[in-house]
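Please look over the sequence and the model before reading on.

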Amino acid sequence: MLEMDWSDNWRRAFRVELRAQAIGFAWRRWPVLPGTYPAGTHWAGRDGQQDTGPVPVHKDWQDRIGTQPEQVASWWTGRPYSLLLATGVMFDAIEVGSRLGTGAARALRAIGMPVPIIGTPTGRWLFLTRTSQRVADELARHSDIVVHGKDSWVPLPPTQFQHGVVHWRVRPEVCGWQIPEAHIVHDALLDAIANRTASVPTGQLVAAD
């Protein structure tokens with residue numbers, strides 16, 4: 001996959017947009033943090049260059065959760081830092097592949113319960129939920145599911161990757177900025193898994209996304 005050409009003009013434009021989004025989320029008390037950003041094939045913004053990302057810029061990022069909007073604004077005055085959401089504080093995020101994500105989104109639409117969904121350039125879907133201490137064993141063991149809770153984070157739009165931009169598949173405005181309880185998304189994922197399994201002929205394995 002080709003890398004995007006992040007010229008200085010593009011970086012400035014994205015920095016302004018990232019800053020505006022970060023301030024808006026902070027006013028809503030979302031725990032946002034600055035993260036490393038793409039620089040060629042690496043990630044910059046932290047000591048040295050990282051091979052993978054995005055990750056929080058500050059090593060003490062847990063202590064910065066809940067920073068006031070004014071201070072959040074200052075983080076994006078110089079560099080186009082990624083926009084990260086700390087999970088396990090107010091919200092968790094459930095990361096899945098596109099096939100499972102499509103099935104879960106369909107199940108949620110069927111019950112009239114849209115939830116915020118983030119799409120990444122790598123084809124992953126992130127469902128935002130309220131924090132929860134319980135996850136069904138079937139979800140916890142599933143090879144295509146990652147639950148982001150305490151001491152983790154996820155990228156928020158419009159964070160840049162080397163080959164694309166993180167985007168909303170379902171915007172929070174569609175849900176009235178109401179983040180669902182975790183069990184609602186958990187149930188939708190279990191339905192999607194069950195429907196996917198039922199559609200596979202006996203003896204045929206389904207490759208994870």
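Predicted model: local features only at pLDDT ≥ 70, side-chain atom pairs only at ≥ 80, totals over all residues.

How many bridges join β1 to strand β4, and do they run parallel or antiparallel? The two strands are joined by 4 bridges and run antiparallel.

- β1, β4 and β9 form an open sheet of 3 strands, in the order β1-β4-β9, with antiparallel pairing.
- At the edges are β1, residues 32–35, and β9, residues 152–155, each of which pairs on one side only.
- On average, neighbouring strands of this sheet are turned by 40° against each other, direction ignored.
- Strand β4, the partner of β1, covers residues 82–87.
- Within β4, Leu-84 stands opposite Leu-33.
- In general, strands of a sheet pair through backbone hydrogen bonds, and the pairing is either parallel or antiparallel.

**The cavity**

- Empty space shows up when a probe the size of a water molecule is rolled over the atoms.
- Searching the whole structure gives 1 cavity of 30 Å³ or more.
- The volume of the largest cavity is about 30 Å³.

**The lining of the largest cavity**

- The lining consists of Asp-92, Ile-94, Thr-129, Ser-132, Val-135, Val-147, Ala-182 and His-186.
- By type, the lining residues are 4 nonpolar, 3 polar and 1 charged.
- At least two residues of the lining come from β5 (91–96), and at least two from α5 (182–198).

Note on methods
Residues numbered from 1 in each chain as written. Heavy atoms only, no water. 1 Å grid on protein atoms, 1.4 Å probe; cavity = no way out; pocket = protein on both sides within 12 Å on 5 of 7 lines; lining within 4 Å. Points joined across faces, edges and corners; volume = space filled by probe spheres on them. Nonpolar A, V, L, I, M, F, W, Y, C, P; charged D, E, K, R; others polar. Pairing = 2+ DSSP bridges. Axes fitted to C-alpha atoms, helices over the stretch in contact; angles between N-to-C directions.
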